[in-house]
Amino acid sequence: MFKVGDKVVYPMHGAGIIEAIEEKEVLGEKKQYYILRLPVGDMKVMIPIANCREIGLREVIDRASVPKVISILKGKSTAMSSNWNRRYRANLEKMRSGDIYEVAEVVRNLAKREKEKGLSSGERKMLENARQILISELALATELEEEKAQSLVDSAFA
């Protein structure tokens, strides 16, 4: 159970801060919801408290875990299928896991592939989405502004 003010990650959307816990009636059913504000993109999301485990809602990593994320970004890319469809599905699976280290792998692998061979429009969109998710969590973990967290990610590829 999270509380107001907690920094959490909503897989496939990014990191945010729980602003409120409210009871809402949706489709005739009353449920409790976390009201999550995602700073990147300034979006608000309602997450049913009863489903937060299945959704994969988790706490933001701590500051001590950030160097591991950066080292993954700087690391060698892992073997990926040459079939774009299999590669896309494997990367999507990693992103759905909500695990920041797997998201970092997706960013690294796609960014390196983009430099070497270019990406399809679907993979380019996935790379951008994965970068935003990564940046949002790094920004909250390090208490940096979005631009500085973006620079942190970009510098890993420099």
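## The annotated stretch

UniProt lists residues 1-111 under "domain: CarD-like/TRCF RNAP-interacting", in an unreviewed entry. UniProt positions follow the numbering used here, feature names are shortened, and annotations may be inferred rather than shown by experiment. In the model, that span is 35% helix and 32% strand, and its end C-alpha atoms sit 36 Å apart.

A quick word on ground rules: this is a predicted model, where local features need pLDDT of at least 70, side-chain atom pairs count only at pLDDT 80 or more, and totals for chains, interfaces and linings use all residues. Residues are numbered from 1 along each chain as its sequence is written, and side-chain values use heavy atoms, with hydrogens and water left out. Helices (H or I, at least four residues) and strands (E, at least two) are DSSP runs, numbered from the N terminus.

## The five-stranded sheet

Now for the sheet: it is open, has five strands in the order β4-β3-β2-β1-β5, and pairs antiparallel. Two strands count as paired if DSSP finds at least two bridges between them. The edges are β4 (43-48) and β5, each pairing on one side only. Strands of a sheet pair through backbone hydrogen bonds, either parallel or antiparallel.

Let's walk across it from the β4 side. β3 and β4 share six antiparallel bridges, with Y34 opposite I47 in β4. These two strands make a hairpin with four residues between them, and G41 in the turn has a positive phi of about 90 degrees. Next, β3 (residues 29-38) runs antiparallel to β2 and is joined to it by nine bridges; K30 in β3 is the bridge partner of E25.

## Helix α5 and its partners

α5 has 22 residues and reaches 31 Å from first C-alpha to last, close to the 32 Å expected at 1.5 Å a residue; the expected span is 1.5 Å times one less than the number of residues. This helix lies across β1, β2 and β5, running at about 100 degrees to β2. Axes are lines fitted to C-alpha atoms (for helices, over the stretch in contact), and angles run from 0 to 180 degrees between N-to-C directions.

The axes of α5 (residues 121-142) and α6 (residues 146-157) come within 9 Å and cross at roughly 115 degrees. Where do the two helices touch? On the α5 side R131, Q132, L134, I135, L138 and A139 meet E146, A149, Q150, V153 and D154 in α6, contact meaning heavy atoms within 4.5 Å. By class, that makes six nonpolar, two polar and three charged residues. Ala, Val, Leu, Ile, Met, Phe, Trp, Tyr, Cys and Pro count as nonpolar, Asp, Glu, Lys and Arg as charged, and the others, Gly among them, as polar.

## R63 in its loop

R63 sits in the loop between β5 and α2 (66-74). Which residues does R63 contact, leaving aside its neighbours within four places in sequence? They are A141, T142 and E143. As for L127, 64 residues away along the chain, its C-alpha is separated from that of R63 by 24 Å.
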